[in-house]
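Please look over the sequence and the structure shown below before reading on.

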Amino acid sequence: MKPLIIANWKMNPQTLTNAKKLFNVVKKGVKNIKNVEVIICPPFIYLPTLRASAFAKGYGGLALGSQNCFWEDEGAFTGEISSFMLKNIGCKYVIVGHSERRRYFKETCVMVNKKLRAALANNLKPILCVDSINQVKRGLKGISKKEIKKIVIAYEPIFAIGTGKACSISKAKEMNFSIRKILGETATILYGGSVNPKNAKDFIEKAQFQGLLIGGASLNPKEFVKIIKKVSQI
Ligand code: PEP
C-alpha cells in the first residue's frame, strides 16, 4: 500500500486565489511522485474550484477530501454539508472527529460514529482522528469488521497539534501498535501532530505508520512537497 499524506488546510487560506495557488504549487511539486497518495482537504467552499483545477491541467496525483461531513444525506440541517454532497462534488476522503471539532463544536463519539456510517454509506473513505484508545473504540462502536477495514485511523495526540511539539517516536509507535492490536494487522494508521520535513520519515520508518496527517506544514507548499519527497524515498 502507498503511504498516505493528507493535508488538513483547516480554515485556510483566506481567499480562493491563494487556495488555487497553494493547490497548484503542490500539484506541480508532486507531479512525478507515483508511490505516495496525496490528499488535499481544503475548506468546503474551495472544493469545486480545486476539483476543476486539478482536472483542467492533468490530475497530478492529488485526491480531494473534506474536513468534516454531516450524517444525514439531505434535509433541514442549516449550515451542514452531507457525505452524499461531498462524494458528488468529487471527494474521495473525509476527515471525521478532528480534535478541533471535538473541542470547539462539541462533537461527541456518538456524533463521530454517525458521521463515519454516513461516509461509508456514500463510499467516502473516512479518516477517523483519535487521541486515545477510548476514542477508537467508541467511534467505531457497532460498525462491522468489513466496514472498519475501509476506515483510515489518524492518531493525533492533542498536545502535538499545531504546537510544534511532535509526539516522541517511541510513544507514537506504542499507540500505533495498541490501535493495530484492536483493528488488526492490515489497519491503515496515520500519525498527525507537528509533522515537518525533519521528523516525517521517522514516523513512517521507525514508528511504522502508513502515512501522515499534516496541518500547519501543508500550508507551506515548499515544506509540504519536501515532506512528500522524503516519504517517497522510503
Ligand atoms: C491537524 O490539524 O490535524 C494537525 C496535525 O496539525 P499540525 O500538523 O499543525 O500539528
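## Terms and model

Contact, the idea behind saying that one element covers another, means that heavy atoms lie within 4.5 Å. Helices (H or I, at least four residues) and strands (E, at least two) are DSSP runs, numbered from the N terminus.

This is a predicted model, in which local features need pLDDT of at least 70 and side-chain atom pairs count only at pLDDT 80 or more, while totals for chains, interfaces and linings use all residues. Residues are numbered from 1 along each chain as its sequence is written, and side-chain values use heavy atoms, with hydrogens and water left out.

## Helix α8

Helix α8 covers residues 169-183, and its 15 residues reach 21 Å from the first C-alpha to the last, close to the 21 Å expected at 1.5 Å a residue; the expected span is 1.5 Å times one less than the number of residues. A172, M175, N176, I179 and R180 are buried in α8, where buried means under 20% relative accessible area, exposed over 50%, and partly exposed in between (1.4 Å probe, protein chains only). Viewed down the axis of α8, these buried residues fall within an arc of 135°, so they line one face of the helix; the arc is that of the directions from the helix axis to the C-beta atoms.

The elements that cover the buried residues of α8 include β5 (125-130), α6 (133-139), β6 (152-155), β7 (188-192) and α9 (200-205). On the face of α8 turned away from its buried side are the exposed residues S170, E174 and K181, and just after the helix G184 takes a positive phi of about 100°.

## Helix α1 and residue A19

In α1 there are 14 residues, which reach 20 Å from the first C-alpha to the last, close to the 20 Å expected at 1.5 Å a residue. Its buried residues are A19, L22, F23, V26 and K27, and, seen down the axis of α1, they fall within an arc of 130°, so they line one face of the helix. The exposed residues K21 and K28 are carried on the face of α1 turned away from that buried side.

A19 counts as buried because its relative accessibility is 0%. Not counting residues up to four places away in sequence, A19 touches W9, P13, Y46 and L50. A19 and T49 are 30 residues apart in sequence, and their C-alpha atoms are 9.3 Å apart in space.

## Helix α10

The buried residues of α10 are F224, V225, I227, I228, V231 and S232. Seen down the axis of α10, they fall within an arc of 155°, so they line one face of the helix. Among the elements that cover them are β1 (4-8), α1 (16-29), β2 (37-41), α9 and β8 (211-214).

## The ligand

Which residues are closest to the ligand? Of the 14 residues that surround the ligand, the closest are K10, E156, G162, S194 and G216, where near means that a heavy atom of the residue lies within 4 Å.

A polar side-chain atom of K10 lies 2.6 Å from an oxygen atom of the ligand, and an N or O atom in the side chain of H98 is 2.8 Å from a ligand oxygen atom.

## Residue S66

S66 lies in strand β3 (residues 62-66) and, at 0% relative accessibility, counts as buried. Leaving aside its neighbours within four places in sequence, S66 is in contact with C41, F44, L47, L86, C91, Y93, V94 and I95.

Methods: Polar contact = N/O pair within 3.5 Å; in protein donor to acceptor, adjacent residues only side chain to side chain.
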